[in-house]
Amino acid sequence: MSVQELEKIFQDRIDSEIRIEPRDWMPDAYRKTLIRQISQHAHSEIVGMLPEANWITRAPSLRRKATLIAKVQDEAGHGLYLYSAAETLNISREEMIAQLHSGKAKYSSIFNYPTLTWADMGAIGWLVDGAAIMNQVPLCRASYGPYARAMVRICKEESFHQRQGFEILLTLSRGSADQRRMCQDAINRWWWPSVMMFGPNDESSPHSAQSMAWKIKRFSNDELRQRFVDICAEQVKLLGMTLPDPELSWNEEKQHYDFGAIDWDEFWNVVNGNGPCNKERLAARVQAHEDGAWVREAALAYAGKKRQEKDAA
Ligand code: FAQ
């Protein structure tokens, strides 16, 4: 069959909602787009452990500490499912990790901001996991089978993370004046970076149109961002707090909230490596990888020994 014929069969399958599986024929550009998105998603989960891990030793109670440890471990698990999904596209984990460490592969802008107080654990759960779910629930229907299946479990866990974050903020919002101030301050600092997580506006998003035609993405960046703003604008009222946007207002005609302009210079500055914590985050990942070299060596030696024993038997 010619490439054109193969491409037509491929697109027909996608249009009929039939999943693409690792052994199916796929255009090289589809494979590369998936590797880019899934590996960057995996990197985000792994780097995303750092801002919260920073608070494990300072959690205010045993219950909070246990929950935070479990959340951070969940993020590690998400990274591992996603690296495994990307490996089915013919790229090795070593290659993906090398791309992260060299700065060639991106990870989410949000994880380059510092976690200054305990309230940040609440704000990350509510806003960052909240934005992540909004973006990731549609990915459970992504056209590539291994990615879609990994996302189902990830979304279940993220939804629990979002609730525990909101509950941290709710507790603070009912506390002392200092606790309420801390709560509002964390919301103020995490709001705009969370709104930016959805990526550039539709007109400046180079990949969206093709990714939507391939049904990797089901909604555009701006559509998902608007849903997120609509939900948070209501939820913040339950906290008795405000979102730091004077232009936020309900638009009766559109049946959506209007919101203020995003600072895209800040977004691109962070994406391009110059955010408040980019260097620190990458250095921590490289160090962790180097510190773990002996574990990888031991695991490989053990697997090699087992293989030898099996061959000899
Ligand atoms: N940060 O044309 P588009 C989480 C890049 S996981 C950095 O719109 P696309 C869980 C984009 O890569 C959070 N870079 O691209 C958690 C592209 O650059 P490239 C991560 C960004 O792929 C919670 C360029 O801009 N989630 O939070 C960002 O169609 C708490 C042009 O953009 C995912 O990765 C950004 N925010 O749409 C963990 C979900 N936005 O690659 C721990 C899966 C855009 O050409 C604690 N990914 N860029 O060099 C996606 O849905 C998509 O990849 C988008 C971007 C929507 C992120």
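In this predicted model, a nitrogen atom of the ligand lies 3.1 Å from a polar backbone atom of methionine 197, a polar contact being a pair of N or O atoms within 3.5 Å. An oxygen atom of the ligand is 2.9 Å from an N or O atom in the side chain of asparagine 135. For histidine 207, a polar side-chain atom is 2.6 Å from an oxygen atom of the ligand. Around the ligand there are 36 residues, of which Lys106, Ser205, His207, Lys217 and Asn221 come nearest; a residue is counted here if one of its heavy atoms lies within 4 Å of the molecule.

Residues are numbered from 1 along each chain as its sequence is written, and side-chain values use heavy atoms, without hydrogens or water. As the model is predicted, local features need pLDDT of at least 70 and side-chain atom pairs count only at pLDDT 80 or more, whereas totals for chains, interfaces and linings use all residues.

Helix packing was examined next. Helices are DSSP runs (H or I, at least four residues) numbered from the N terminus. Axes are lines fitted to C-alpha atoms over the stretch in contact, and angles run from 0 to 180 degrees between N-to-C directions. Helix 6 (residues 119-136) packs on helix 8 (residues 177-196) at about 30°, with the axes 9 Å apart. Helix 6 is therefore roughly parallel to helix 8, a term applied to angles under 35 degrees. The contact (heavy atoms within 4.5 Å) involves, among others, Ala123, Ile124 and Leu127 of helix 6 and Ala186, Ile187 and Trp190 of helix 8. By class, this contact has 13 nonpolar, 1 polar and 2 charged residues, where Ala, Val, Leu, Ile, Met, Phe, Trp, Tyr, Cys and Pro count as nonpolar, Asp, Glu, Lys and Arg as charged, and the others, Gly among them, as polar.

Helix 8 also packs with helix 7 (residues 145-173), at an angle of about 140° and with the axes 7 Å apart. The two helices are therefore oblique to each other, the class left after angles under 35, over 145 and 65 to 115 degrees are assigned elsewhere. Leu169, Leu172 and Ser173 of helix 7 meet Gln179, Arg180, Met182, Cys183 and Ile187 of helix 8. This contact has 5 nonpolar, 2 polar and 1 charged residues.

The axes of helix 5 (residues 93-102) and helix 12 (residues 278-291) come within 9 Å and cross at roughly 140°. Helix 5 is thus oblique to helix 12. Ile97, Leu100 and His101 of helix 5 contact Leu282, Arg285, Val286 and His289 of helix 12.

Methods
A polar contact is a pair of N or O atoms within 3.5 Å; within protein, one must be able to donate a hydrogen and the other to accept it, and residues adjacent in sequence count only if both atoms are side-chain atoms.
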